[in-house]
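Dear colleague,

Please find below the structure that I am handing over to you, together with its sequence.

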Amino acid sequence: MSVQPSQDGGTPALRASHTDRDRAVDLLSAAAGDGRLTPEELDERVGAALTARTQRELAALTADLPTASDGPPLVAAKDVVRIEQEGASTRRGEGWVVPRRVEIRSAWGEVTLDLARAVIAHDTLHIDLDMRAGVLKVVTRPGIVVDTDSLVTSYAEVKTPRTVDTGAPVELRVEIAGAISWGQVVVRTPRRRLGRRA
């Protein structure tokens with residue numbers, strides 16, 4: 001059995017999990033959005049993070065960046081974000097700072113909220129949905145819980161993953177309310193392709 005040794009010959013380095021890698025990518029994306037990393041540096045570090053084998057490797061990639069525990073968020077979070085569109089497509093993610101509330105008014109369009117790659121600044125997100133003939137996609141990760149019980153549907157479909165207790169603490173609770181007709185609400189985790197997340 002191969003065990004990753006420590007650099008100082010002491011305790012073996014702890015192996016990194018998917019959640020550890022995802023957390024590092026989130027921090028790197030937030031830093032790039034704040035101007036702390038260039039696009040080239042972001043690509044290089046994200047690639048290294050996705051293939052990192054130990055937590056020590058991940059720590060080295062983010063050692064020169066602030067974390068949530070260092071003080072206020074890298075970017076101030078808004079209380080309300082409004083998305084209004086018709087026949088269009090909107091996506092939020094890649095360092096997006098999640099507000100307390102999102103109001104969506106959409107017809108014949110698609111809205112994607114990638115919370116897996118966003119910066120979580122609050123413990124609750126309220127989504128007020130008014131959608132006709134469209135799709136709302138919510139991308140999650142362990143620690144994010146989505147509640148669609150208050151959503152009113154008419155000729156629409158709500159797809160949520162089977163609840164699995166991963167043991168991760170709840171970081172964000174998402175409550176989706178409002179109404180959708182002739183459309184879909186899809187809640188899913190990131191898709192992994194060739195070592196990259198999608």
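Nine salt bridges were found when the whole structure, a predicted model, was searched. One of them pairs aspartate 114 with arginine 91, and the closest N and O atoms are 3.2 Å apart. Arginine 91 belongs to strand β2 and aspartate 114 to strand β5, so this contact ties together parts that lie 23 residues apart in sequence. In general terms, side chains of opposite charge can pair when their charged atoms come close.

β2 and β5 (residues 110–114) run parallel and are connected by four bridges. Within this pairing, arginine 92 stands opposite leucine 113 of β5.

Both strands form part of an open sheet of five strands, whose order is β2-β5-β8-β13-β11 and whose pairing is parallel. At its edges stand β2 (89–92) and β11 (157–159); each has a single partner strand, so one side of each has no neighbour in the sheet. On average, neighbouring strands of this sheet are turned by 5° against each other, with direction ignored. As background, the strands of a sheet pair through backbone hydrogen bonds, in either a parallel or an antiparallel manner.

A further point concerns the surface. Glu40, Glu41, Asp43 and Glu44 form a negative surface patch. Of these residues, aspartate 43 is located in helix α2, which comprises residues 39–50.

With kind regards

How values were computed
Residues numbered from 1 in each chain as written. Predicted model: local features only at pLDDT ≥ 70, side-chain atom pairs only at ≥ 80, totals over all residues. Heavy atoms only, no water. Patch = residues over 30% accessible without salt bridge, like charges linked within 9 Å, V, L, I, M, F, W, Y side chains within 5 Å. Areas by Shrake-Rupley, 256 points an atom, 1.4 Å probe, with all protein chains shown as cover. Salt bridge = Lys/Arg side-chain N within 4 Å of Asp/Glu carboxyl O. Lys, Arg positive; Asp, Glu negative; His and termini not counted. Charge placed at Lys NZ, Arg CZ, Asp CG, Glu CD. Helix = DSSP H or I, 4+ residues; strand = E, 2+ residues; numbered from the N terminus. Pairing = 2+ DSSP bridges. Axes fitted to C-alpha atoms, helices over the stretch in contact; angles between N-to-C directions.
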